Structures are given as C-alpha cells and as structure tokens.
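Have the structure open and follow along.

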Amino acid sequence: MAEADRLKIAVVGSGPAGFYAADALLRGPVSSSVDLFERLPVPFGLVRYGVAPDHQGIKRVQVAFERTAALPGFRFFGNVEVGRDVSVEELLAGYHAVLFATGAALDRSLDIPGEELSGSYAATSFVGWYNGHPDFVDLKFSLAAERAVVVGMGNVALDVARILLHDRSELAKTDISDAALAALRASPVREVVLLGRRGPAQAAFDQGELEAIADLPGVGVEVDADVSFADEADLLPAARKNLAYLARLKLAGPGSKPRLLKLRFLASPVELLGDNGRVRALRIEDNRLVGAGPHIRAEPTGKVWELQTGLVIRSVGYRGAATPGLPFEAKRNVIPSSAGRVTNLAGEPQLGLYTAGWIKRGPSGLIGTNKADSKETVDLLLRDTEVLRGRALRVDVAELLASRGVQLVSFADYRKIDAAEKARGEARGKVRDKLERIPDMLAAAFPKA
Ligand code: NAP
C-alpha cells in the first residue's frame with residue numbers, strides 16, 4: 001500500500017477508549033497510522049488515575065495497551081493539550097480524521113446547601129488525590145471524622161468506601177499517594193454510611209465490588225433495607241445478584257468488627273450542616289419509589305432526619321468537559337454524535353471528527369465496555385475511508401508543536417517515567433511510587449546527561 005493511501009488518524013485521550021480505538025485502527029483492514037494525544041506526560045487515563053490502588057488486577061489491562069503502543073504506525077504524543085497547544089482545526093488540517101476519547105473527568109454536585117464546607121468533597125477529586133493525579137495533588141482533604149457518608153450507590157462510591165475502610169498497611173503496598181496514605185493513617189474513620197436515593201434493586205454497583213469490602217478483614221457490613229424479591233419480576237440479572245448478596249449480608253449481620261460499612265437506601269441528602277466552616281452533620285430525607293421498571297424514581301416522603309458526620313463524599317457520577325472548537329451537548333455533557341460520528345447540535349455530521357468512550361456515551365460501563373464502543377466508532381470511520389482520504393492535509397502537527405516549544409513525550413520517554421516509578425516503588429515496598437507532578441515526570445523522561 002502506497003504511503004499516500006495510509007489513513008493518518010489522531011486520537012485524543014489515552015484512556016481505555018483511546019487505546020481501544022488506536023488498536024482497532026492499527027489492526028484494522030485499512031492501512032492507518034495513529035498519533036495518540038494525551039494532556040499528561042503519562043498514558044492510560046482512568047486505568048492509572050481512576051481504578052483504585054488496591055485493584056491492581058484491573059490495572060493489568062495496561063499490558064494490552066502497551067502491546068497496542070508497540071504496533072507499527074503508533075506514536076504517543078504525551079504532554080500535549082488539545083485546545084491549548086494545538087487546536088481542533090489544526091489537528092483536522094494534519095490528519096484525515098480526529099477521534100476524541102477524552103473521557104469524563106469532572107464531578108457532579110448535589111446542588112444542596114453546605115456543599116462548599118470543609119469535609120465535603122467530590123469523589124472525582126478524592127479518587128484523583130489518592131491516585132496521585134497531578135490535577136489533585138495539591139488539594140487538602142480533612143478526614144478527621146469517625147463517621148463518613150458516601151452519597152451514591154455506584155462502583156465509585158464503593159471504591160471510596162473501601163479505601164476509607166481498608167487496612168492502612170495493605171494500602172501502603174499499593175501505588176496510593178503518600179498524602180492520601182498519611183491522611184488515612186491519621187484519620188479516625190470507623191464507619192462509612194453509603195447513602196442510596198433509590199432502593200437495593202436500583203443500586204448501580206456490581207455485587208463483586210460490595211463483596212470486596214465485605215471480605216476485608218476487620219470490616220462488618222450492615223444492610224438496613226428490607227431486601228426482598230417480591231414484586232420485582234423484571235429484575236436485570238445484575239440487580240438479582242445484588243439483591244441475593246444483600247440478603248445474605250443482612251442475614252449474616254455486621255458482627256463485632258472494628259470497622260463498619262452501613263448501606264442505607266431510599267434516602268437523599270438535602271443539606272450539609274456545618275460549624276466554623278466544617279461539616280458537622282448531614283440532613284437527609286427519606287424517599288419512596290414511584291413508577292416502574294427502569295424509570296422507577298425516588299420521591300421524597302417529607303421525613304427528614306440528621307446524621308452526625310464530619311466527612312461527606314458525593315459519588316454521584318462523572319461529567320465530560322467541552323473541548324474548544326468541538327460541538328458539546330451540555331445537558332448530557334457529551335460530544336454529540338451518531339454512534340461515534342461527531343455531529344453538530346442540529347445532528348449534521350462533522351467531516352473528519354469522531355468520538356468514543358465516556359465523552360461519546362456518558363460515564364457508564366466497565367473498562368471493557370469501551371472496547372466495543374471504540375470499535376463501533378472505528379468501524380464507521382473506516383466506512384468513511386474514501387471521503388477521508390480525499391481531505392487535503394496541510395499541517396505536520398509534530399513540527400507545529402516543536403515550533404511552539406511543546407515538550408512532546410513519546411512512548412519511549414514515558415517508559416522512562418514508568419521505570420523510575422517502579423524503581424522508586426521497589427525501594428519502598430510498593431508496586432509503584434507515582435511521580436505526581438508534571439515537572440518531575442518530565443525530569444524522569446528527559447534525564448540530564
Ligand atoms: P454510576 O454507576 O452512574 O453511579 C452513580 C450513583 O450516584 C447512582 O447510585 C445514582 O443513583 C447516584 N446519584 C446520582 N445522582 C444523585 C443524586 N443527586 N443524589 C443521590 N444519588 C445520586 O457512576 P459511578 O459510580 O461514578 O461509576 C461510573 C462508571 O464507572 C460506572 O459504569 C461504574 O460501573 C464504573 N466503575 C467500575 C468500577 C469497577 O468495576 N471496579 C469501579 C469504578 C467505576 P441513581 O441510580 O438513583 O441515579
């Protein structure tokens with residue numbers, strides 16, 4: 001195949017969706033090259049910065065991404081922010097197609113009074129902080145509370161609860177950040193209350209993730225709900241599994257363990273109460289369920305009560321961010337698309353632009369869900385091959401970035417960061433000791449002779 005026929009693709013975002021898209025392109029039927037752009041000097045997005053440090057098994061998916069990075073035609077363009085260092089327009093002038101897989105990094109708020117108090121945090125920041133993400137490394141978290149409340153019943157809420165309850169000496173062996181480990185070691189947290197606005201059958205977590213907490217030594221689980229299968233005929237298999245497991249946990253009871261996870265369903269936070277700028281309690285209103293099937297929703301009953309707590313972490317979902325120069329559907333916080341072909345807000349296709357992953361469909365699904373999602377987008381992109389090949393390319397983006405003084409981090413450069421982190425970790429009995437600041441990452445990538 002002549003070089004001129006090769007599709008030049010830019011993928012923006014090096015999390016799972018970006019890597020799966022790159023893989024599908026490079027192994028696909030049309031000769032392609034992929035430049036994978038990433039804002040940070042390090043790849044892997046949520047695998048590095050979202051997956052909890054005690055879930056190293058899940059992080060092993062990185063091995064597959066490293067295999068993708070070794071494929072001919074792949075280049076990593078780390079430390080490049082699209083919208084700041086290079087515009088969408090310039091990328092379109094340098095590539096036949098640009099595929100956005102920028103994820104959903106922002107938090108959602110509860111929109112209730114008191115959220116600004118110290119001791120009230122978004123799970124997105126808490127997770128970024130304990131995972132050593134450069135954007136969150138300078139945040140201060142006060143964990144000075146015996147009881148924490150985590151709002152939400154998804155897998156992220158369970159990650160947060162598990163980290164709060166986990167044995168600190170076990171966490172010390174992971175790649176958790178030093179600041180988070182020190183704060184957890186100093187924290188008196190003994191009880192975590194997980195607050196779900198709907199019932200046990202609507203819980204968004206996976207049974208295995210609750211099991212991971214229930215199996216922790218020293219942690220008891222108390223289920224306060226009436227867990228029954230009665231009149232729940234149209235349950236999805238995952239909900240049925242959850243209910244069966246919750247029923248077993250309820251029957252077993254929490255025992256007399258030093259730390260406790262409490263699951264409280266049908267309850268919504270309505271206000272955070274504070275003293276001297278710090279959370280003192282959470283005002284909560286009980287709910288009842290109305291409607292049926294997937295549209296079942298929580299309706300307040302008017303019964304309001306208070307729970308004393310000094311730490312409230314809201315884990316009510318992630319939110320995608322707009323990229324300058326790209327259409328953005330503000331209500332769903334996604335790039336509008338038709339199955340991955342970017343459209344404007346009127347639904348008209350935008351030539352050369354594609355999207356995959358959370359920024360395409362919203363923040364749902366497991367890491368592997370992105371494989372099929374990215375493939376769906378890549379299949380459409382490849383169907384457009386002839387029209388894409390017809391686009392005249394006028395810009396060499398690598399040269400443009402160099403002319404702007406952007407310090408590009410290649411995959412070989414990243415490997416030096418990786419090696420430095422592993423060596424630091426080995427010296428301290430940890431799987432990895434992450435470099436948490438961009439200048440330190442760059443110093444490891446480009447050591448002075
Ligand atoms: P999620 O699964 O969408 O869960 C969000 C939770 O927040 C739901 O329980 C939701 O309740 C609740 N919520 C939303 N708005 C609320 C409000 N105003 N008040 C009270 N509760 C509210 O999102 P996530 O936990 O952030 O996870 C994101 C994705 O990553 C999920 O697909 C998850 O499975 C995945 N993930 C997987 C793992 C793993 O496999 N280990 C770990 C972390 C994340 P409603 O259902 O009532 O809306």
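**Around the ligand, then into the sheet**

Start with helix H7, residues 155–165: this helix supplies three residues to the shell around the ligand, the largest share. Keep in mind as you look that this is a predicted model.

Now widen the view to the whole shell. In total, 22 residues surround the ligand, and the closest are Met153, Asn155, Arg197, Arg198 and Gly365. Sort the shell by class and you get 11 nonpolar residues, seven polar ones and four charged ones.

Next, zoom in on some individual contacts. Asn155, one of the closest residues, has a polar side-chain atom 2.8 Å from an oxygen atom of the ligand. Arg197 is also among the closest, and an N or O atom in its side chain sits 2.7 Å from a ligand oxygen. How much of the ligand does the protein cover? On its own the ligand has 920 Å² of accessible area, and the protein covers 79% of that.

Leave the ligand now and turn to a pair of strands. Strand E2 (residues 32–38) and strand E3 (residues 74–78) run parallel, joined by five bridges. To get your bearings, find Val34 and look across to E3, where its bridge partner is Phe74. Is E3 mostly covered or mostly open? Mostly covered: four of the five residues in E3 are buried, meaning under 20% relative accessible area. As a general point, side chains in a regular strand alternate between the two faces of the sheet.

How values were computed
Residues are numbered from 1 along each chain as its sequence is written. This is a predicted model: local features need pLDDT of at least 70, side-chain atom pairs count only at pLDDT 80 or more; totals for chains, interfaces and linings use all residues. Side-chain values use heavy atoms; hydrogens and water are left out. A residue is near a molecule or strand if one of its heavy atoms lies within 4 Å of it. A polar contact is a pair of N or O atoms within 3.5 Å; within protein, one must be able to donate a hydrogen and the other to accept it, and residues adjacent in sequence count only if both atoms are side-chain atoms. Accessible areas come from the Shrake-Rupley method with a 1.4 Å probe; for residues, only the protein chains shown count as cover. Helices (H or I, at least four residues) and strands (E, at least two) are DSSP runs, numbered from the N terminus. Ala, Val, Leu, Ile, Met, Phe, Trp, Tyr, Cys and Pro count as nonpolar, Asp, Glu, Lys and Arg as charged, and the others, Gly among them, as polar. Buried means under 20% relative accessible area, exposed over 50%, partly exposed in between (1.4 Å probe, protein chains only). Two strands pair if DSSP finds at least two bridges between them.
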